[in-house]
Amino acid sequence: MREVAFIKQNKEKWLDFEAAIFGKAKKNPDEIAGLYIHLINDLSYAQTYYPKSKTVVYLNYLASQIYQRIYKTKRQEKNRLLYFFSEEVPLLLYQYQRYVLYAFLLFFLFVGIGVLSAIYDDDLCRLILGDAYVNQTLENIKGGNPVAIYKSGSNWGGFIGITINNLRVGAMCFIMGIFGGIGTFYVLFKNCLMLGAFQYFFYQEGVFWESVQGIWIHGSMEIFVIVIESAAGFILGASILFPKTFSRMTSLKIGFRNSFKIFLSTVPFTIAAGFLEGFVTRYSLEMPNWLNVFIILSTLSAISFYYLVFPFIVAKKIKSIPLIA
């Protein structure tokens, strides 16, 4: 069957699927399950005979959304919060895995640019961080504690202030994606440039390891979260630039909903990073090296597992989950 005829034959049925997904038509779980079975059959047919067609992309997306609708209906009565973190977010991360990859590639590229820029421009750190911050850090290095700045203020005051600031930065990474992803690109570039220049500054002063102990106890989660929030911003931007078979407004609604859920999942990690910075980082140079390394590796492993490994485990459990192209 020609693709045009295939689309014409099933168009009304697919529109019915869309209405069921986006709440334009009320259907009970059994009816939605029936739609899902029909849609999977259409998807299999399209993948066989029109593998590179936009029809496959469209059906693929509808099938994944209907699946989540069914699964959410079954689980939300038990524990909606548990379902959100254990299944809904991992499945979204699996579906949008390429945007997470893009965010990490840009992160490493921009940090590298920050390091190279600092190598060839001695004033870059002062330009980015300000003279007062750099001068204070130089004084701390002379005093034998390069990261003493993290000891300023009280534990609770530091924790609350830092967490609020990190939440603001994360929200900017996400919401600036509304400008087609360009805003997110800029925010990520700015923060990565700062990180690269800042780390090279400590290397230049001969206290690189001390800076690693002080910065990455909380930085493992804090920086990782910024990358994930940037991925959410890119998803939001892509929903505007590349609506595929949906209207631009419908694509934006879908993109905003899904990317916002990914952004929300980062909030507990941001709070945890703020807690570590407020209560633990200030004692980094007083703690034994093995404890510093243990905290850094354990926090990095935990967040890496959740965002990079766990989505594939969840998706593998649910072998029928389609992958968005």
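Is D131 buried, partly exposed or exposed? D131 is partly exposed, with a relative accessible area of 46%, where buried stands for under 20% relative accessible area, exposed for over 50% and partly exposed for what lies in between (1.4 Å probe, protein chains only).

## Basis of the model

This is a predicted model, in which local features need pLDDT of at least 70 and side-chain atom pairs count only at pLDDT 80 or more, whereas totals for chains, interfaces and linings use all residues. Residues are numbered from 1 along each chain as its sequence is written, and side-chain values use heavy atoms, with hydrogens and water left out.

## Overall architecture

The protein chain has 11 helices and 0 strands, and along the sequence its pattern reads α-α-α-α-α-α-α-α-α-α-α; helices (H or I, at least four residues) and strands (E, at least two) are DSSP runs, numbered from the N terminus. Of the 325 residues, 50% count as buried.

Among contacts (heavy atoms within 4.5 Å) between residues at least 6 apart in sequence, 78% join residues at least 24 apart.

## Nonpolar cores

A nonpolar core is a set of buried Ala, Val, Leu, Ile, Met, Phe, Trp, Tyr and Cys residues joined through side-chain atoms within 4.5 Å. The largest such core has 63 residues, of which L39, L59 and Y307 touch the most other members, and helix α9 (residues 208–241) gives the most to this core, with 13 residues. Apart from it lies another core of 12 residues, including L124, V134, F198 and F201.

Leaving aside residues up to four places away in sequence, L59 touches F6, W14, L39, D42, L43 and A46. L43 belongs to helix α2 (residues 29–49) and, at 4% relative accessibility, counts as buried; the C-alpha atoms of L43 and V56 are 6.3 Å apart, although the two residues are 13 apart in sequence.

## Salt bridges and a polar contact

With a salt bridge taken as a side-chain nitrogen of Lys or Arg within 4 Å of a carboxyl oxygen of Asp or Glu, the count comes to 2. In one of them E88 meets K261 at 2.4 Å, N to O; E88 lies in helix α3 (residues 54–95) and K261 in helix α10 (residues 248–279), so the pair ties together parts that are 173 residues apart in sequence. Both E88 and K261 are buried. D131 and R126 also meet in a salt bridge, at 3.2 Å, N to O, and R126 is partly exposed, with a relative accessible area of 28%.

T281, in the loop between α10 and α11 (289–317), counts as buried at 0% relative accessibility. Its side chain is joined to that of H218 by a polar contact of 2.9 Å, that is, a pair of N or O atoms within 3.5 Å; within protein, one must be able to donate a hydrogen and the other to accept it, and residues adjacent in sequence count only if both atoms are side-chain atoms.

## Aromatic pairs

The structure holds 34 aromatic pairs, defined for rings of Phe, Tyr and Trp (its six-membered ring) whose centres lie within 6.5 Å, with planes under 30 degrees apart counted as stacked, over 60 as edge-to-face and the rest as tilted. F104 and F224 form an edge-to-face pair, at 5.1 Å centre to centre and 70° between the planes, and both F104 and F224 are buried.
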